[in-house]
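Q: Can you walk me through this structure? I want the ligand shell and the strands around it.

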Amino acid sequence: MSETLREVFGQAAIAARVAELGRDVSAAYAGQDVVLVGVLKGALPFMADLLRALDFCPELDFVRVASYGAGVAPGALRFLMDLETDIAGRHVLLVEDIVDTGRSLAYLLNMLKERNPASIKVCTLLDKPYRREVDVPVDFVGFSAPPVFLVGYGMDIGERLRRLPAVYELIQE
Ligand code: PRP
Ligand code: MN
Ligand code: MG
């Protein structure tokens with residue numbers, strides 16, 4: 001089986017959009033105490049770039065949820081790593097690489113809301129709204145993504161290809 005990569009969002013387009021998102025997020029949280037919560041592993045590159053596009057310094061923390069991959073039945077979710085920060089009374093911005101069915105985010109939003117944050121919002125680089133199985137609010141979106149299998153800029157296939165600096169469609173034949 002051969003794999004071909006077709007670029008969908010290039011490095012320059014991503015950088016320009018992340019800069020805009022940085023301005024939008026900065027404006028939304030002016031003067032507030034914010035915890036940026038990255039959803040590992042896929043959000044890592046986007047979170048690092050978004051962080052540097054902000055005009056304020058949020059606290060950083062991470063959670064890990066895995067829904068696809070080795071040993072996980074389709075639709076099953078594994079919660080693998082919790083925050084170390086107490087988010088009660090604080091403004092939380094969840095950072096995702098992509099929102100697909102919405103199941104990962106729905107799970108995390110439900111769990112984190114019980115800890116009484118001052119607010120909780122979502123920023124994702126990519127969104128596939130037509131794939132939603134659970135309704136989730138997405139407050140900041142980089143791009144609408146086409147209905148193809150995407151890799152790179154944090155997104156993987158079997159843990160491979162996360163390091164690619166742009167977003168590609170993976171074509172397997
Ligand atoms: C991917 C992606 C999102 C989630 C989106 O993570 O990074 O977190 O799936 O899918 P959903 O909206 O259908 O829940 P994955 O489970 O592959 O883990 P990873 O980030 O470690 O690759
Ligand atoms: Mn993920
Ligand atoms: Mg993955």
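Predicted model: local features only at pLDDT ≥ 70, side-chain atom pairs only at ≥ 80, totals over all residues.

Q: How many residues surround ligand 1, and which are the closest?

A: Ligand 1 is surrounded by 18 residues, and the closest are Lys41, Gly42, Asp100, Thr101 and Ser104. A residue is near a molecule if its C-beta atom, placed from the backbone, lies within 6 Å of it.

Q: Which elements give two or more residues to that shell?

A: Strand S2 (34-40), strand S5 (91-99) and helix H3 (103-113) do. S5 supplies the largest share, four residues. Helices (H or I, at least four residues) and strands (E, at least two) are DSSP runs, numbered from the N terminus.

Q: How do the shell residues divide into nonpolar, polar and charged?

A: Six are nonpolar, six polar and six charged. Ala, Val, Leu, Ile, Met, Phe, Trp, Tyr, Cys and Pro count as nonpolar, Asp, Glu, Lys and Arg as charged, and the others, Gly among them, as polar.

Q: Back to S2. What does S2 pair with?

A: S2 runs parallel to S5, joined by five bridges, with leucine 36 partnered by leucine 93 in S5. S2 also pairs in the parallel sense with strand S3 (residues 59-66), over six bridges, and there glycine 38 stands opposite phenylalanine 62. Two strands pair if DSSP finds at least two bridges between them.

Q: How many S2 residues are buried?

A: Six of the seven residues in S2 are buried, meaning 20 or more other C-beta atoms, placed from the backbone, lie within 10 Å of the residue's own.

Q: And H2, which residues are buried there?

A: In helix H2 (residues 44-52), Pro45, Phe46, Met47 and Leu50 are buried. The buried residues of H2 pack against helix H1 (11-28), S2, S5 and strand S6 (119-127); contact means C-beta atoms, placed from the backbone, within 7 Å.

Q: New topic. What order do the strands S1, S8 and S9 take?

A: The three form an open sheet in the order S1-S9-S8, with antiparallel pairing. Strand S1 (3-9) and strand S8 (150-151) are at the edges with a single partner strand each, so one side of each has no neighbour in the sheet.

Technical notes:
Residues numbered from 1 in each chain as written. Chains lettered and ligands numbered in written order. Buried ≥ 20, exposed ≤ 12 C-beta atoms within 10 Å, placed from the backbone. Right-handed = clockwise from strand over helix to strand, strands pointing away. Contact = placed C-beta atoms within 7 Å.
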